2 protein chains.
Amino acid sequence: MTISAGDFVEYAKLMDAVDPLSIFHDRFAHDDSGLIYLDGNSLGRMPRATATIVDDLVERQWAERLVRSWNEGWFDLPLRVGAKIARLIGAQDNEVIIADSTSVNLFKLAAAALRAQPGRTGIITDDLQFPSDLYILQGVSDFMNRSHTIEIIPSADGIHGPVEAIMAALSDDVALLCLSHTAFKSAYTYDLTAVTAAAHRAGALTLWDLSHSAGSTLVDLGAAHADLAVGCTYKYMNGGPGAPAYLYVRRDLQKSLSQPISGWMGHGDLFAFEPDYVPADGMRRFLSGTPSVLSLAAIESGVDLLLEAGMERIRAKSLLQTEYLVALWEQLLEPLGFRLNSPRNPNLRGSHISLGHAEAWRIDQALIHQMNVLPDFRRPDTIRLGIAPVYNRFSDVLYAAHALEQIVRESLFVRYSAVTTGVT
Amino acid sequence: MTISAGDFVEYAKLMDAVDPLSIFHDRFAHDDSGLIYLDGNSLGRMPRATATIVDDLVERQWAERLVRSWNEGWFDLPLRVGAKIARLIGAQDNEVIIADSTSVNLFKLAAAALRAQPGRTGIITDDLQFPSDLYILQGVSDFMNRSHTIEIIPSADGIHGPVEAIMAALSDDVALLCLSHTAFKSAYTYDLTAVTAAAHRAGALTLWDLSHSAGSTLVDLGAAHADLAVGCTYKYMNGGPGAPAYLYVRRDLQKSLSQPISGWMGHGDLFAFEPDYVPADGMRRFLSGTPSVLSLAAIESGVDLLLEAGMERIRAKSLLQTEYLVALWEQLLEPLGFRLNSPRNPNLRGSHISLGHAEAWRIDQALIHQMNVLPDFRRPDTIRLGIAPVYNRFSDVLYAAHALEQIVRESLFVRYSAVTTGVT
């Protein structure tokens, strides 16, 4: 069936008009250039309320209240805002805490999980995993005297997760299965419940990286009985550049796990200043040093917006928007050499769509500099179009697809160098 | 010799009048309450310029430039601002980088140092060390299969560093000597050069925590040929609450050290997204995950102010101010039961003065709530008076000493509970 150009336009108009989340668009800052921003999977837009929070933090909490602010709210931030994130990912409010970066938290939880299972030596992951997560697993293993083997299960097509091969690899020697819930490149999304259950049947613990799913995709750690998870707050949670990450440990596991970066913020009695480390009860034991308060406090309003919008509505809109983009790709872009590097099945997909093209780098440059559309680029040949349902409109999706079509049809990309010089 | 009350007042007036650093007082934010802030050793005051930096970061760099800001400056922040900190601590500009928290950085460097010396099993520290540093050393050792012994050399008087006992303990089995340059409680300050040389004679590496010295005390890592150091930026550097910390690795050691939290920010080719970790050349290899940009960018103006003021002038003023406080203590406070819990010799001391008193907790509460003086309290019985020469006046010191005198002389503290309920 051929959909006419007019139909695509009408669809976007209609969907934007009836979108129950449309009110959230203006809760975020937008400049006057008309930028079409499709990189919320890398750095989310700034919630307007965040500027007020940051201003109060700097001008009153720091400048006036000074060190007293620690007792007036700063000490509570990691657990208090963590409890809000818990509601976005199906966790309980004493199962999530904010700390450090995703990489550091992954290190802590991977090390804790491996130490809790001294008789098992296997770590399983896949090659869709964000490379930093692979590096961290290597670092943990090296640090623990190279006592573990890391098996990176390859995806058959570079798009879909190797579910069956993972299931087959889950022997009784496996200590840890560590995967990205949604893959950073293809957006392939694992079935949390099924994969966690398979790991549990083999007696292994699961450690999920939620960075590319939480905030745009339904995550229910509780229903999945997931063991451990980490995630970042600066993508779909709109927490600000490099905002601290969160970590989740299922409540019944918290007591039996100890993490290696045992700094004072994780001590049971912060100001006793005893010479020996005694981990705090509950999630505080997963803290290490003093948190970056400015960046940490700035997270809250982005999380509040997602809670207000509701993850079910966000996911519903994400499905409609990514399906719309796939339809546009099929009609307009596939004939121009674009490949769909994301799963076709929306149930296996997060909220971004990856398109491959032999001229992807130059097209990406034209998209940014001539069309004022900001996606991101992943070497060697992938353009990622991230859709953040809480602020992206159907018309944004349409505009981007038309821009890609025009760039290739009119060869607008040829003026850019084919040499990949950096990130988007 | 008895100094008259009038002499003390005249001295403060005179010294404030001729103070070459007095112009910096108003470069920091002050509220209208007349607060006397003597806790810059815990959280420094806010430089006025910081508010402008943060506002630009949020409203323009994040809100408008969005992900493009990574290429427009954010990626450079850790090394660029690190190079400025290097000038405050006698390091070269390719020897310092900003990352994570002090505890996380200590973990990374301790692990790297131990791994580089597989034949040595000893770690030496002292009991003046900030407890978090002890916890981190324990954590590192535990995860390296408890293969190391940690010897905590006790201070004879709880005030002075056990220099001779440390020298004696430096056997050829010692891998690492880890000390706070300036002790968090007593302000005792080690001779960087002499102690580092002793460690080197034994073939051990040194890891200094500069958190309580850098920014108020002269630190010359280059002259001392120091190996490794970490430090925080939120105390005397005025970088903001929980601002990211820095780490130093002497240039010739950088290549031979690898740290375990091997996240993507430390990879040699950030966006190649190769499956294997290949550490970057130079200091970047000590990065782990994505930095908290808001908190990181906020550091710069505080560092700039110290560079403008000059560390020699800051140290000279610190010496005069702490000596003044000691003289006030001797004349006014010692007769009232206050003990000097810092070294009497100014050359062995950083920029805070610790006073012990049987009623320290209640006196601390009276100081805050009746006198509008903010020090900090350390259990069980110590009041720390931190002097930040870049904004503290001689008259602040005088006021605090008079307030302490009045509180005890007039028993103003008795209305407060003797139960220690928290921090200052």
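Since the model is predicted, local features need pLDDT of at least 70 and side-chain atom pairs count only at pLDDT 80 or more, whereas totals for chains, interfaces and linings use all residues.

## How the two chains meet

Let's start with the pair. Turn chain A by 180 degrees, shift it 0.0 Å along the axis, and it can be laid on chain B with an RMSD of 0.0 Å. The two copies are thus related as by a two-fold rotation axis.

The contact takes 74 residues from chain A and 74 residues from chain B; two residues are in contact if their C-beta atoms, placed from the backbone, lie within 7 Å. On the chain A side, helices H2 (48–62), H4 (102–115), H5 (131–143) and H10 (293–297) each supply at least two residues. H5(A) gives the largest share of that side, ten residues. Helices (H or I, at least four residues) and strands (E, at least two) are DSSP runs, numbered from the N terminus.

Sorted by type, the side of chain A that touches chain B has 41 nonpolar, 23 polar and ten charged residues. Here Ala, Val, Leu, Ile, Met, Phe, Trp, Tyr, Cys and Pro count as nonpolar, Asp, Glu, Lys and Arg as charged, and the others, Gly among them, as polar. The copies meet through the same surface, because 100% of the interface residues of chain A are also interface residues in chain B.

## The seven-stranded sheet of chain A

Now look inside chain A. Seven strands form an open sheet with mixed pairing, in the order S2-S8-S7-S6-S5-S3-S4. Strands S2 (96–99) and S4 (149–153) of chain A stand at the edges with a single partner strand each, so one side of each has no neighbour in the sheet. On average, neighbouring strands of this sheet are turned by 20 degrees against each other, direction ignored.

Two strands pair if DSSP finds at least two bridges between them. Here are some pairs, including one from chain B:

| Strand pair | Sense | Bridges |
|---|---|---|
| S6(A) (205–209) and S7(A) | parallel | three |
| S7(A) and S8(A) (245–249) | antiparallel | four |
| S3(A) (122–126) and S4(A) | parallel | five |
| S10(B) (352–356) and S13(B) (382–386) | antiparallel | five |

Zoom in on S7(A), residues 228–231: A:Leu228 and A:Val230 point one way, A:Ala229 and A:Gly231 point the other way, and all are buried. Buried means 20 or more other C-beta atoms within 10 Å of a residue's own, exposed means 12 or fewer, and partly exposed is in between, with C-beta atoms placed from the backbone. A:Trp208 stands opposite A:Ala229, and in S8(A) A:Tyr246 is the bridge partner of A:Gly231. Over in S4(A), A:Ile150 stands opposite A:Ile123.

H4(A) lies across S2, S5 (174–180), S6, S7 and S8 of chain A, running at about 170 degrees to S7(A). Axes are lines fitted to C-alpha atoms, for helices over the stretch in contact, and angles run from 0 to 180 degrees between N-to-C directions.

## A covered helix and the core

In H11(A), residues 300–309, the buried residues are A:Glu300, A:Ser301, A:Gly302, A:Val303, A:Leu305 and A:Leu306. Their cover includes H2, H3 (77–88), H10 and H12 (311–333) of chain A. Just after H11(A), A:Gly310 takes a positive phi of about 90 degrees.

The largest nonpolar core has 282 residues, and those with the most contacts inside it are A:Ala110, A:Leu176, B:Ala110 and B:Leu176. Such a core is a set of buried Ala, Val, Leu, Ile, Met, Phe, Trp, Tyr and Cys residues joined through C-beta atoms within 7 Å. Neighbours within four places in sequence aside, the contacts of B:Leu176 include B:Ala110, B:Ile123 and B:Leu207.

## The four-stranded sheet of chain B

Chain B has an open antiparallel sheet of four strands, in the order S9-S10-S13-S12. At its edges stand S9 (339–340) and S12 (376–378) of chain B. B:Gly356 has B:Thr382 in S13(B) as its bridge partner. H12(B), residues 311–333, lies across S9, S10 and S13 of chain B, at about 20 degrees to S10(B).

Definitions and conventions
Residues are numbered from 1 along each chain as its sequence is written. Chains are lettered from A and ligands numbered from 1 in the order in which they are written. Copies are superposed by least squares on the C-alpha atoms of residues with pLDDT of at least 70 in both.
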